[in-house]
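I opened my notebook to look around a new structure, one feature at a time. Here is what I looked up, in the order I got to it.

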Amino acid sequence: MTTTSPTSPTVEALRKELARNKRVHAWQLRSTRHVGSQTYLVKTQLESERQTSGETHELTVFVKNGELLGRATATLDDQSAAAAERRIDESVYMAGLGGDAPWTLPTADQWPEVQIFDPALSAAQARATSRAVADAWRAEAAAHPGVRPSSMELFCGEEWTTLENSAGLVAHGSATRISLLTLLLGEGSKPSERYSWVERRRASDLDVKDIVGRAAEEARDLTRAVVPPSGQYGVIIDADEIVGLMAPIETNASGEGLYQKSSRFEVGKPLPGEAAKGESFNMYSNAIAPYGLTSYVFDGNGVAGRRVQIVKDGVFTQPWATKQFADYLHMTPTGGFANLEIPTGNTPLETLKNGDGKVLYVRSFSWLTPDQQRGNFSSEVRVGYLYEKGVRTPIKGGSVSGSVFSALGAAHYAKEQVFRGDYLGPEGIRFDGLTVSGA
């Protein structure tokens with residue numbers, strides 16, 4: 001496995017100065033080197049194609065400040081060897097201005113095998129893969145009547161990471177990533193614009209036909225979209241929006257939230273909200289999911305990746321915790337929150353779309369930022385579809401509001417499982433009791 005070079009001039013200079021500076025109590029150095037390919041199309045014509053590379057070094061120093069442990073972080077590139085002494089002195093000064101309760105850095109561990117590297121996106125093959133994806137995008141973008149391609153941006157590449165600290169930990173990792181931005185224009189009585197941003201770790205997980213087809217369908221439908229009717233009725237939220245919707249669960253389930261006493265959760269107790277009327281809610285942080293965007297061998301501090309159940313049948317089972325807050329809570333660290341995993345249900349998505357009265361299927365919101373502690377949200381619908389009496393009507397505008405915690409009590413999960421980069425779970429989740437504000 002290729003790693004960041006241990007003989008980097010900046011790394012060597014940092015190590016030397018860290019050993020010299022007697023005020024440094026502990027330190028962590030994360031070095032990352034990346035190589036990639038970037039492709040830009042305007043309409044379907046190549047605007048530019050270029051290769052990129054770079055190396056950065058993120059140094060965190062820890063300084064004892066009375067009974068506190070202060071820290072500060074500096075970022076350097078591979079041309080910063082001459083500035084190492086100055087940057088460390090500056091960081092030591094900043095770290096000495098405050099601090100937190102003491103905690104210790106992780107030591108060496110047994111690292112899991114995590115699939116996050118795709119040879120098709122390696123430096124040797126990134127350009128060929130980029131060109132193949134661009135050709136597929138051109139063909140698909142021209143295949144949809146009533147829609148014109150506007151632009152495409154594609155990024156492919158790999159990165160190598162070395163993490164080391166003063167506790168003797170040295171860990172290496174490598175990963176790949178592919179990102180595709182699609183912008184299409186819908187032609188009609190109300191011209192529309194639709195963009196799609198999709199990222200994956202593996203090239204074969206980037207389904208260009210599906211991505212462009214979905215964006216084209218939405219661009220075309222938006223030319224005749226209407227505002228949804230107001231009221232309380234079934235709302236299905238697409239998999240693309242579930243990570244944002246579940247952010248309050250992640251926040252309240254954190255070791256930091258428990259330690260700071262800002263969390264509404266209590267281990268062993270049901271999540272706050274109304275009594276369950278739907279299916280049981282289960283949730284995992286999965287750092288070892290194959291090719292997950294937030295999968296990792298080790299987290300930002302060097303804690304080994306793992307799959308952790310956060311909620312079981314609506315009950316908060318255990319927090320996820322970085323090394324710092326795990327030390328404070330006297331628990332084993334789980335590492336940073338990773339890919340969101342939610343088990344599927346027993347009902348096909350098509351069945352969830354039907355039923356008595358209206359059902360709004362939200363493909364995407366303009367934004368979805370629930371209150372991180374209370375879970376309340378109110379978000380504008382960017383793209384959706386209203387199902388009523390067998391008729392499917394495109395929707396744009398209006399808003400959906402409610403409480404994440406209350407909504408989970410009346411949730412039903414689609415049978416179909418999808419993988420959306422940092423999410424593994426139902427293709428859609430239906431919530432009954434949310435409020436739709438529109439016409």
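**Entry 1: two helices side by side**

I am working with a predicted model, and I keep that in mind throughout. The crossing of α3 past α4 is right-handed.

Which residues of α3 and α4 meet? On the α3 side I wrote down Val133, Ala136, Trp137, Glu140 and Ala141. Their partners in α4 are Val208, Lys209, Val212 and Gly213. I sorted the residues of this contact by class and got 6 nonpolar, 1 polar and 2 charged.

**Entry 2: the largest pocket**

Next I went looking for empty space. Rolling a probe the size of a water molecule over the atoms shows where such space is left. The largest pocket has a volume of about 1100 Å³. It is lined by 34 residues, and those closest to its centre are Ser196, Trp197, Val198, Asp240 and Arg420.

Which element gives the largest share of this lining? It is β6, with 7 residues. By class, the lining of the largest pocket holds 15 nonpolar, 4 polar and 15 charged residues.

**Entry 3: the second largest pocket**

I then turned to the second largest pocket, which holds about 560 Å³ of space. Of its 29 lining residues, Glu159, Ala175, Thr176, Arg177 and Arg201 lie closest to the centre. Strands β1 (26–42), β4 (147–165) and β5 (170–186) are the elements that each give two or more residues to this lining. I counted the classes here too: 10 nonpolar, 14 polar and 5 charged.

**Entry 4: a closed space**

How many cavities of 30 Å³ or more are there? I found 1. The largest cavity holds about 50 Å³ of space. Its lining is made by Ser285, Ala287, Tyr296, Arg306, Val308, Trp320, Thr334, Gly335, Gly336 and Ala338. These divide into 5 nonpolar, 4 polar and 1 charged.

**Entry 5: stepping back**

Last, I looked at the whole chain. I listed 10 helices and 21 strands. The radius of gyration is 24 Å, close to the 22 Å that the globule rule gives for 439 residues, so I can call the chain as compact as a globular protein of that length. Along the principal axes, its C-alpha atoms fill a box of roughly 75 × 55 × 35 Å.

Terms used. Residues numbered from 1 in each chain as written. Predicted model: local features only at pLDDT ≥ 70, side-chain atom pairs only at ≥ 80, totals over all residues. Heavy atoms only, no water. Left-handed = near helix turned anticlockwise from the far one by under 90°. Helix = DSSP H or I, 4+ residues; strand = E, 2+ residues; numbered from the N terminus. Contact = heavy atoms within 4.5 Å. Nonpolar A, V, L, I, M, F, W, Y, C, P; charged D, E, K, R; others polar. 1 Å grid on protein atoms, 1.4 Å probe; cavity = no way out; pocket = protein on both sides within 12 Å on 5 of 7 lines; lining within 4 Å. Points joined across faces, edges and corners; volume = space filled by probe spheres on them. Rg over C-alpha atoms; globule rule 2.2 N^0.38 Å.
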